[in-house]
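Please examine the structure shown here before reading further. The explanation below is meant to be followed with the model in view.

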Number of protein chains: 2
Amino acid sequence: MADRSAGDGTVGKALEVLDRVAAFGRPVRFTELLDGSPYPKATLYRFVQTLTNQGMLSYDPERQTYAMGIRLVRLAHAAWHQSSLAPIARPHLDALAEEVGETVHLAQLDNAQVLYVDKRNASRPVEMFSSAGKVGPAYCTGVGKVMLAYLDEAILAPILEQQSYHRFTEHTLTDADALRTELRAIRQNGYGFDREEHEPGIICVALPILTAGGRALGAISVTSTVERNSLAGLEKLVPRIQETARAIAAVSRDWGFPDQHTSNRQVETN
Amino acid sequence: MADRSAGDGTVGKALEVLDRVAAFGRPVRFTELLDGSPYPKATLYRFVQTLTNQGMLSYDPERQTYAMGIRLVRLAHAAWHQSSLAPIARPHLDALAEEVGETVHLAQLDNAQVLYVDKRNASRPVEMFSSAGKVGPAYCTGVGKVMLAYLDEAILAPILEQQSYHRFTEHTLTDADALRTELRAIRQNGYGFDREEHEPGIICVALPILTAGGRALGAISVTSTVERNSLAGLEKLVPRIQETARAIAAVSRDWGFPDQHTSNRQVETN
DNA sequence: AAACCGAGTTTCAAATAATGGAACTCAAAT
DNA sequence: ATTTGAGTTCCATTATTTGAAACTCGGTTT
């Protein structure tokens with residue numbers, strides 16, 4: 001995982017702590033954070049204090065545990081509106097989901113991870129935050145691979161190298177070379193599949209949402225199971241999904257969506 | 001609005017900038033942030049740089065604007081799971097919403113503001129982040145007043161004083177004294193109303209979700225309009241809502257929910 | 001009962017990072 | 001060609017962060 005906080009001073013270090021807490025997925029004790037932390041006790045302690053004061057963490061004095069703070073929920077609300085494709089894409093996603101009768105995902109790339117920003121579950125009603133905000137590996141999901149396929153080589157290379165490839169299923173692509181071949185194929189076709197690479201029995205087709213400049217703002221996927229459908233079956237939906245992707249791209253252009261979304265200026269100089 | 005960042009060093013200041021950007025509700029230019037900022041150009045510039053590097057803000061080089069970053073969405077996902085009542089309360093909220101056939105809200109308090117963490121819309125399907133994460137004033141909403149009513153005087157006093165009371169409707173309580181009277185009544189009854197105090201035509205009943213220690217973890221409300229219903233009508237639902245509130249409180253206790261949620265140690269000493 | 005332990009907290013001089021006034025760049029407006 | 005204003009960089013000064021060590025305080029062991 002790329003070290004995001006490299007060289008970003010105190011703020012970067014503090015935010016890194018937030019990520020750590022998030023990674024636990026449950027309330028954590030101070031000591032749990034301490035081991036595995038690059039910072040000495042007193043330093044980490046002050047970070048955690050500050051973050052708690054700031055509402056970015058919440059502290060349970062009884063159990064002496066820290067959890068993610070609700071201020072984040074408020075900030076994310078703004079983020080979701082300002083910076084995600086979700087609000088723009090909503091009507092298009094609704095329509096697509098209804099027509100194809102399968103689960104539809106909308107995802108964006110965040111620091112080499114797939115971030116799901118919206119979801120339409122054909123049958124069930126939507127599950128709020130439980131799905132939006134969820135992250136997953138990029139290299140073994142339909143949306144992930146499709147977005148990687150349209151990344152600049154300069155950004156892609158370090159991601160592929162630093163990635164640790166976990167074999168989720170027997171179909172998972174587990175090295176950079178295999179993935180590179182796959183990405184080339186995706187660029188050629190304009191769409192990609194998940195061939196049970198992440199979960200057995202789960203397949204999907206995914207298409208990028210491309211800017212005029214050919215950059216992927218995000219991706220849409222239609223997911224199914226091997227029982228209900230097949231890759232060939234999903235492939236038939238490509239034109240319909242393409243239409244949605246184009247529509248979303250068009251609206252985002254009008255709405256002035258950045259052509260390059262996350263900017264990483266300041267090339268490392270140390 | 002209480003200055004949260006008081007005395008929290010660089011991290012606090014940087015996070016304050018995040019709030020500013022969030023407040024705009026749209027991508028902002030650097031200059032827009034600059035005026036009204038307590039920091040000189042160079043300083044603010046570095047904050048924004050750092051936050052952008054960190055993925056907490058995203059930068060659109062073409063339009064030269066900053067927006068909330070998607071990393072927040074990921075962090076909030078964790079926050080919502082770990083620190084909000086929403087996942088715990090979900091089934092209870094579902095049941096309540098279905099039975100009463102009106103819109104149900106679940107809210108928590110964040111820095112003297114009401115933060116909606118979940119919502120059930122009787123008719124319409126749920127709107128993802130668009131409702132969860134939304135904030136509102138505490139002093140003129142049902143959930144807000146109910147939570148304020150169970151706050152410790154030491155925490156309540158500064159909130160009531162520092163609050164700027166905007167008259168949203170002719171029924172809005174616009175000073176601390178009126179609000180104090182109202183809060184006393186709420187503690188007496190165990191529930192409170194919104195009598196078109198925030199929006200004309202919109203009324204609701206709200207009940208606190210109380211810990212054994214008598215602290216409000218959050219609040220539930222059932223909302224309606226004056227056309228469809230009345231305060232008396234909503235009052236009839238109190239026992240049913242009470243039941244839900246108790247159930248949620250019970251589950252959170254089992255699940256080990258903090259009795260005091262946001263801790264503000266470190267009393268100002270400068 | 002005294003000593004010990006380990007988690008959490010506080011202290012303070014040294015080390016480091018943040019600060020902000022001023023100067024610079026560059027594109028657009030005059 | 002000149003002005004203007006937004007955005008960016010520089011760097012000596014200043015304030016904050018750092019982290020080793022010491023302390024507190026339940027609970028446990030000797």
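The model is predicted.

Three strands of chain A form an open sheet in the order β1-β3-β2, and their pairing is antiparallel. The edges are held by β1 (28-29) and β2 (57-60) of chain A, each of which pairs on one side only. Helix α1(A) packs on this sheet and touches β1, β2 and β3 of chain A, with its direction at about 95° to that of β3(A). Between β2(A) and β3 (residues 65-68) of chain A there are four bridges, in the antiparallel sense. Within this sheet, L57(A) is found opposite M68(A) in β3(A). A further helix, α3(A), lies across β2 and β3 of chain A and runs at about 100° to β2(A).

Which order do the strands of the six-stranded open sheet of chain A follow? The order is β6-β5-β4-β9-β8-β7, with antiparallel pairing. Strands β6 (135-137) and β7 (192-195) of chain A stand at the edges and have a single partner strand each, so one side of each lacks a neighbour in the sheet. From one strand to the next, the twist averages 35°. Helix α7 (residues 142-149) of chain A packs on the sheet, where it touches β4, β5 (113-120), β7, β8 (202-210) and β9 of chain A. The direction of α7 makes about 150° with that of β9(A). Five bridges join β4 (residues 103-110) and β9 (residues 216-225) of chain A in the antiparallel sense. In this sheet, A107(A) stands opposite A219(A) in β9(A).

Attention now turns to the DNA. DNA strand C is surrounded by 16 residues, of which the closest are T31(A), K41(A), Y45(A), P40(B) and R46(B). Of the atoms of DNA strand C that come within 4 Å of the protein, 68% belong to sugar and phosphate. The side chain of Y45(A), by contrast, has an N or O atom 2.8 Å from a sugar or linking oxygen of DNA strand C.

Which elements supply the surface near DNA strand C? At least two residues each come from α1 (9-24), α2 (30-34) and α3 (41-53) of chain A and from α1 (9-24) and α3 (41-53) of chain B. The largest share, four residues, is supplied by α3(B). By type, the residues of this surface are six nonpolar, six polar and four charged.

Phosphate oxygens of DNA strand D lie 3.1 Å from a polar side-chain atom of K13(A), 3.0 Å from a polar backbone atom of T10(B) and 2.2 Å from a polar side-chain atom of T31(B). The largest share of the surface near DNA strand D, four residues, comes from α3(A).

Terms used: Residues numbered from 1 in each chain as written. Chains lettered and ligands numbered in written order. Predicted model: local features only at pLDDT ≥ 70, side-chain atom pairs only at ≥ 80, totals over all residues. Heavy atoms only, no water. Pairing = 2+ DSSP bridges. Axes fitted to C-alpha atoms, helices over the stretch in contact; angles between N-to-C directions. Contact = heavy atoms within 4.5 Å. Near = heavy atom within 4 Å. Polar contact = N/O pair within 3.5 Å; in protein donor to acceptor, adjacent residues only side chain to side chain. Nonpolar A, V, L, I, M, F, W, Y, C, P; charged D, E, K, R; others polar.
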